[in-house]
Amino acid sequence: MANEAVKFVWEGAIPLQIHLHKSEVASHPAPPPALVLAPRIGYLPLLVPLIKPYFKDSLPPGEDSIWFDYKGFPLKWYIPTGVLFDLLCAEPERPWNLTIHFRGYPSNILIPCEGEDSVKWNFVNSLKEAAYIINGNCKNVMNMSQSDQEDLWTSVMNGDLDAYTRLSPKLKMGTIENEFSRKTSMSSPPSRQGVPEMDVTGQVKTARIPVRLYVRSITQDFENLEDVPEIDTWDDISYLNRPVEFLREEGKCFTLRNAIESLLPEFIGDRAQTSGEEGEERTADESEDADGAPQTGEIKLVRIQGIEMKLEIPFSWVVNNLMNPEFYLHISVLVKAPQR
């Protein structure tokens, strides 16, 4: 039985207000925007069967591959909708105003998308990558029957957590032991994959957690999230597809801070500062250069599944509760880059 946090993730949705691009309006008056509730764990192309009939009578003849933009910024269809929202809307916008296009596909920016087939291929490919990171191979995904694989994909498309919970154990991805439950129930049986085990030499094995980290760097000064400037190029976002080595040390809790530090040592560590921390232990030489400009960046926001995360939360809880169905943990980070 899935826990409450996982249910909230699967039920999470973003209200969208979809506008037809003015250059494609062939009716008078122009159609009002379509209102759609988009699942966070879903993908924008999966909404097309709902949206296209709404605008059908307003479209000129002929069409290209369908794509979306946010304030003129083309949206990558293979990134989950919730991740796009967390990444591009520092101050959440509700409803989220997007524009749909039925022609003029920006192939110089976006890879081709053939609707559901492309999204399904992307999902299965990500599932194989995650399996390889966790288990060292992807044979459990490859050996899954075609019908089970189809049913697993359908459960994700439909947001059917019960069906997904029945099918996903066949992948044998496992979980890591929750730090909270470990403290409250030391007598609980050993958990599955992810718990550090002793190898034949007596060394502690690490668990590898598939992580996709999206780092948006801002050079301009801003005090509040509502003042974050609009993004106009994907070049402003660094994309890291790396595993986190989860190693539990006796008497210590492996936190989200530890995980991000392993991925972004330049932004979080002894010389980096996170928003809201005073950094008292840093010296003036460590925090500023000769001109008084900061040498290190400042993490202003870490968001997972729409939640603004505290960095001291146990990483095991984050992984077990906020991971996407393809077994990747998607983390959006907003960084105030140092001025040079």
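**Helix packing, cores and local contacts**

In this predicted model, the axes of helix 1 (residues 4-11) and helix 11 (residues 315-322) come within 8 Å and cross at roughly 50°. Two packed helices are described by the angle between their axes and the distance between the axes. Helix 1 and helix 11 are therefore oblique to each other. On the helix 1 side, the residues that meet helix 11 are Ala5, Val6 and Val9; their partners in helix 11 are Trp317, Asn320, Asn321 and Leu322. Sorted by class, that contact is made up of five nonpolar and two polar residues, with no charged ones.

Next come the cores. The largest nonpolar core runs to 60 residues, and Phe315 and Leu329 have the most contacts inside it. Helix 4 (residues 116-135) gives the most to this core, putting in eight residues. As for Leu329, setting aside neighbours within four places in sequence, its contacts include Phe315, Val318, Val319, Leu322 and Met323.

Not counting residues up to four places away in sequence, Pro31 touches Leu20, Val25, Phe55 and Ser58. Pro31 and Asp57 are 26 residues apart in sequence, and their C-alpha atoms are 9.0 Å apart in space.

Lys300 has a relative accessibility of 22%, so it counts as partly exposed. Between the C-alpha atoms of Lys300 and Val333 there is a gap of 7.7 Å, with the two residues 33 apart along the chain.

The protein chain has a mean pLDDT of 85, and 81% of its residues reach 70 or more. Over residues 183-205, though, pLDDT stays under 50, and the model has 35 contacts beyond four places in sequence for that stretch. Residues 270-290 are also below 50, and there the model has 36 contacts beyond near neighbours in sequence.

Note on methods:
Residues numbered from 1 in each chain as written. Predicted model: local features only at pLDDT ≥ 70, side-chain atom pairs only at ≥ 80, totals over all residues. Heavy atoms only, no water. pLDDT = per-residue confidence, 0-100. Contact = heavy atoms within 4.5 Å. Core = buried A, V, L, I, M, F, W, Y, C linked by side-chain atoms within 4.5 Å. Buried < 20%, exposed > 50% of the residue type's maximum accessible area, 1.4 Å probe, protein only. Helix = DSSP H or I, 4+ residues; strand = E, 2+ residues; numbered from the N terminus. Axes fitted to C-alpha atoms, helices over the stretch in contact; angles between N-to-C directions. Parallel < 35°, antiparallel > 145°, perpendicular 65-115°, else oblique. Nonpolar A, V, L, I, M, F, W, Y, C, P; charged D, E, K, R; others polar.
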